[in-house]
Structure formats: C-alpha cells, structure tokens
Amino acid sequence: MIKKFLGRMFAGRLFGPSKPRILPFSAHGISRESISSCALRTTQSLQRRGFAAFVVGGAVRDLILGRKPKDFDIATDAKPEEVRELFRRSRVIGRRFRLVHVLCGPEMVEVSTFRGASAAEDEDSGGRVADEHGRILRDNVFGSQEQDATRRDLTVNALFYDPTTQEVWDYHGGVADLKKRRLRLIGDPEVRYREDPIRMLRAVRFAAGRGLEIDAATRRPIRRLAGLLAHVPPSRLLDEIMKLLLCGHSAAAVTHLRKEGLHHGVLPLLDAAMGRAAGERFVMAALKSTDERISAGKTVSPGFVFAALLWPEVQAEWKVLEEKGMPEIPALYQAMDHVMKAQAAILAIPHRYGADMREIWALQPRFLQRAGKRPYRLLEHPRFRAGYDFVLLRATSSEVDPSLGEWWGRFQRAGEAERTQMLVADGAPRGRRRRRRRKPHAHGGGEAPAA
C-alpha cells in the first residue's frame with residue numbers, strides 16, 4: 001500500500017511540469033494544410049462532438065523538422081467505443097491496448113485514447129504489472145492528456161498539434177530539443193529503459209534517422225542495461241529491428257547500434273563480421289544500398305537485408321569447413337545451418353525471411369558457372385534477381401571480381417547470338433552418370449521362400 005501511495009504521489013514530480021507550453025503557429029510553423037485530409041477530418045469530427053483531439057507524436061516531430069510524415073496518428077479523450085460509434089468506416093484493434101483505425105477512402109489514421117501515467121498498481125487493479133527487471137508487462141489504463149504525454153518515451157514524440165487552432169501543446173520541452181537537434185528521454189532514463197528496453201533501440205533509430213544527438217543522460221545507462229533486451233518478447237524485438245533496418249538510415253543506425261553496445265542483444269554475429277575489414281565493407285555496402293533504394297521509393301526485401309548482415313559469417317564458416325576437406329556445396333549448406341542456428345539463439349528470424357536468405361546464399365556459387373546451359377538455367381530461377389543483386393554487392397565490396405557482375409549484367413540484356421559468344425569454355429571433364437547397382441536378394445537369387 002505504501003509503495004502504491006508513493007508511486008501516485010511522486011509520479012508527476014519525476015517527469016517535470018504538469019502544464020503544457022502552448023505554442024502558436026509562429027513558434028513552430030506547422031499549418032493545417034500540411035496535415036492529411038483524413039487526419040484533419042478525424043480531429044474536426046471528434047472536436048465537434050466535444051472531445052479533445054490532436055495530431056500526435058512522430059507526425060508533429062517530422063513536420064517541425066521539415067520532413068514529410070509517413071503517417072498521422074490521433075490522440076483523444078474519447079474511448080475506443082465512442083470513436084468507433086462516430087466513424088462508420090472504422091474498426092477497433094488490439095488486445096494490450098485498444099486502438100481505432102479510421103478509414104477515409106484509401107487513407108487510414110490511427111486513433112488512440114489518452115493513456116494513463118505510471119502509477120504503480122498491482123495486478124488485481126487492472127493497471128500496470130512489471131517483472132523483476134522493471135519491464136512493464138501490462139499497461140492498459142486510460143488517462144489524461146498530461147499523463148499520455150508523460151508516458152511517451154522521448155520529448156520529441158510527446159507533442160500534440162491541434163489543427164483547428166494550429167497550436168502545439170508541449171509538455172516536456174520537445175520543440176526546444178528539436179531546435180537543438182537533441183534526443184532526450186522523458187523521466188529517469190534507467191527507470192524508463194527498465195520499463196521497456198525497446199526504448200534503447202528506439203533512441204538509436206530516431207537519432208540516426210532524424211540526425212539528432214542523443215542527450216548525455218539519455219545515453220549513459222544504455223551500454224550497462226543492454227542485456228535487458230534478452231527479456232523482450234522476440235516478436236517485439238524483431239519488429240523494432242525491422243524498423244531500424246528499413247528506416248532509410250540503416251547504415252547510420254547500425255553504426256550507432258554498435259557504438260552503444262546494443263547489437264549483442266539482437267545481431268550477435270554482426271560484431272564478428274564487422275571486426276574484419278572485408279566483412280565491414282560488405283555489410284556497410286549492403287546497408288547503404290538499402291538506404292538508397294528506400295530513398296528512391298523502391299521496395300526492399302527484409303530477407304535480403306538479413307542475408308547481407310550474416311553473409312560474412314556464412315563465408316567464414318564455409319571457408320573453415322572447406323579447409324577441413326568438406327566439398328564446396330555441402331560445406332556451404334552446413335555453414336548456412338550453423339549461422340542460422342547461432343542467430344536464432346538470440347533473435348529468431350522468421351521462416352519466410354530465412355528461406356529467402358538460404359536461397360540467396362545457395363545461388364552464389366552458381367554465378368561462377370558461366371558455361372553450357374547453366375547460365376540459362378540460373379536466369380530462370382525465381383530468386384535470380386535477388387542473387388544477382390547480392391553478387392553486385394560482393395563486387396562493390398571487392399569480395400569478387402567486378403567483372404563477374406558486369407558479365408551477368410550483359411548476359412541478361414544480350415540477344416541469343418551474343419549470349420552464345422559470351423559463354424565461358426568449360427574445361428572441366430564431364431563426369432559419367434553413375435548407375436545404381438541392383439542389390440542381390442538376400443536369399444541368393446533363388447525362388448522366394450515359402451510364406
């Protein structure tokens with residue numbers, strides 16, 4: 001009881017002022033015209049019914065930074081059932097915390113009810129429940145706008161924009177932090193990281209993706225608490241790693257990840273790969289290529305990205321097995337299995353991505369075969385393009401001769417006559433197909449024994 005009382009009494013004091021600083025348009029420069037039509041209509045409809053409604057979080061942050069938000073989220077004091085009743089084309093989702101997706105034609109905005117602050121309540125109260133490390137296991141209470149701002153992780157994400165008045169409500173100095181290009185956690189960093197270790201990865205992702213510097217107090221506990229990531233459910237961990245790798249700034253994000261010592265908890269083999277000059281060249285070339293594709297609006301395969309991150313370790317293991325006398329292809333497949341099992345011990349990559357990774361790796365020796373019908377068969381392989389792009393990365397990092405990538409580029413575009421001239425002479429002798437010998441009958445080949 002005493003613990004609960006103290007938690008309620010001091011929760012507000014730990015996180016600073018309770019009153020927001022309300023900034024006019026002249027202080028932030030966000031006009032209602034920069035808000036999506038669906039978000040604008042949703043906030044206006046909620047406000048007409050007497051509810052508070054704001055564009056919140058990342059969209060406000062990005063607009064202040066002069067970036068185009070990828071989506072718009074709405075925060076309101078209306079309960080999910082009230083939001084659902086107000087919008088015909090909407091649906092309630094989520095178990096841990098219910099949200100409402102409101103549809104406007106092809107556009108969708110996510111509407112959340114203000115969430116409660118961090119009052120230390122027991123399991124019977126239906127509020128927060130934490131494990132022995134301080135990680136919150138359940139946190140599904142509704143609350144006030146002030147509490148909602150306080151429970152957000154970063155000051156730059158705790159901003160509320162009212163399209164009607166064109167004002168920004170800032171509870172924790174997020175606008176000032178954005179102007180200083182600073183990333184700062186709300187509250188005591190160690191407590192907040194223990195509540196949710198994913199916040200360490202989010203800090204790294206936002207710092208890399210938005211060109212912000214992590215505040216010294218926010219950075220200080222990260223390396224010491226990195227081991228807490230081992231207690232995060234694999235699905236949440238994978239989701240955050242996917243966001244980090246596909247944020248469009250993955251090269252900077254992975255560099256930050258290693259700098260803060262966080263990669264041990266998610267991509268343990270990355271350290272060994274980046275410890276070798278050739279491995280580091282390849283991984284960084286892959287990440288920069290990924291960032292360029294995302295910047296150009298092209299699709300990116302997660303399986304391809306994971307294949308690139310773990311390829312240096314596959315190669316190293318492959319070489320060791322070949323030196324021990326194992327044939328080339330069996331050695332490659334055994335190396336693939338070894339690396340996938342080692343990675344799965346920390347963060348299991350979903351099967352749908354793992355299958356893509358194995359196919360890309362298995363195709364690599366086939367790109368060296370440029371004689372006879374083998375190049376034609378490889379062109380018809382459903383994963384040829386991914387395998388070819390992988391070869392180009394290997395050429396970029398000087399792992400293979402650039403002429404190999406150039407040859408396959410020409411071979412794809414060439415006509416039949418030119419392809420025939422491009423084929424490399426096969427100097428290897430053709431092996432005869434071995435016939436299986438028929439096993440003799442155990443009873444010596446005579447009549448079948450009587451039943």
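Which hand does the link of Cys 38 and Cys 104 have, right or left? Let's start there. It's right-handed, with 65° about the S-S bond. The sulfur atoms of Cys 38 and Cys 104 sit 2.2 Å apart, and this structure holds one disulfide. Cys 38 is in helix α3, residues 37–48, while Cys 104 is in strand β5, residues 99–104, so the link ties together parts that are 66 residues apart in sequence. Both Cys 38 and Cys 104 are buried. Cys 247, on the other hand, counts as partly exposed, because its relative accessibility is 25%.

Before I go on, a word about confidence. What you're looking at is a predicted model. The mean pLDDT of the protein chain is 85, and 83% of the residues reach 70 or more. Over residues 1–17, though, the pLDDT is below 50, and that stretch has 15 contacts in the model beyond near neighbours in sequence. Residues 441–451 are also below 50, with two contacts of that kind.

Okay, on to the inside. The largest nonpolar core has 95 residues, and those touching the most other members are Leu 183, Leu 201, Leu 245, Leu 262, Phe 306, Trp 361 and Phe 390. Helix α16, residues 302–323, gives the largest share of this core, 11 residues. Apart from it there's another core, of 15 residues, including Leu 363, Val 400, Leu 404 and Ala 414.

Let's zoom in on Leu 183. Leaving out residues up to four places away in sequence, Leu 183 touches, among others, Leu 154, Val 156, Ala 203, Phe 206 and Ile 214. You'll find Asp 177 in helix α7, residues 174–179. Is Asp 177 buried or exposed? Buried, because its relative accessible area is 0%.

Then there's Arg 202, in helix α9, residues 198–210. Setting aside neighbours within four places in sequence, Arg 202 is in contact with Asp 153, Asn 157 and Glu 240. Its C-alpha atom is 9.1 Å from that of Lys 243, which is 41 residues away along the chain.

Next, helix α13, residues 250–259. Here Ser 250, Ala 251, Ala 253, Val 254 and Leu 257 are buried. Looking down the axis of α13, these buried residues fall within an arc of 165°, so they line one face of the helix. Why might a spacing like that work? An α-helix has 3.6 residues a turn, so residues three or four places apart point the same way. Just after α13, Gly 261 takes a positive phi of about 75°.

Last topic, the aromatics. A search of the whole structure finds 16 aromatic pairs. Take Phe 54 and Phe 160: their ring centres are 5.9 Å apart and their planes are at 80°, so that pair is edge-to-face. Phe 54 is in strand β2 and Phe 160 in strand β9, so the pair ties together parts 106 residues apart in sequence. Both Phe 54 and Phe 160 are buried. Phe 304 and Phe 390 also form an edge-to-face pair, 5.6 Å centre to centre with 80° between the planes. That pair links helix α16, where Phe 304 lies, to helix α20, where Phe 390 lies, 86 residues apart. Finally, one aromatic cluster is formed by Phe 367, Tyr 376, Phe 384, Tyr 388, Trp 407, Trp 408 and Phe 411.

Notes
Residues numbered from 1 in each chain as written. Predicted model: local features only at pLDDT ≥ 70, side-chain atom pairs only at ≥ 80, totals over all residues. Heavy atoms only, no water. Core = buried A, V, L, I, M, F, W, Y, C linked by side-chain atoms within 4.5 Å. Buried < 20%, exposed > 50% of the residue type's maximum accessible area, 1.4 Å probe, protein only. Helix = DSSP H or I, 4+ residues; strand = E, 2+ residues; numbered from the N terminus. Contact = heavy atoms within 4.5 Å. pLDDT = per-residue confidence, 0-100. Disulfide = S-S within 2.5 Å. Arc of directions from axis to C-beta. Phe/Tyr/Trp six-rings, centres within 6.5 Å; stacked < 30°, edge-to-face > 60°.
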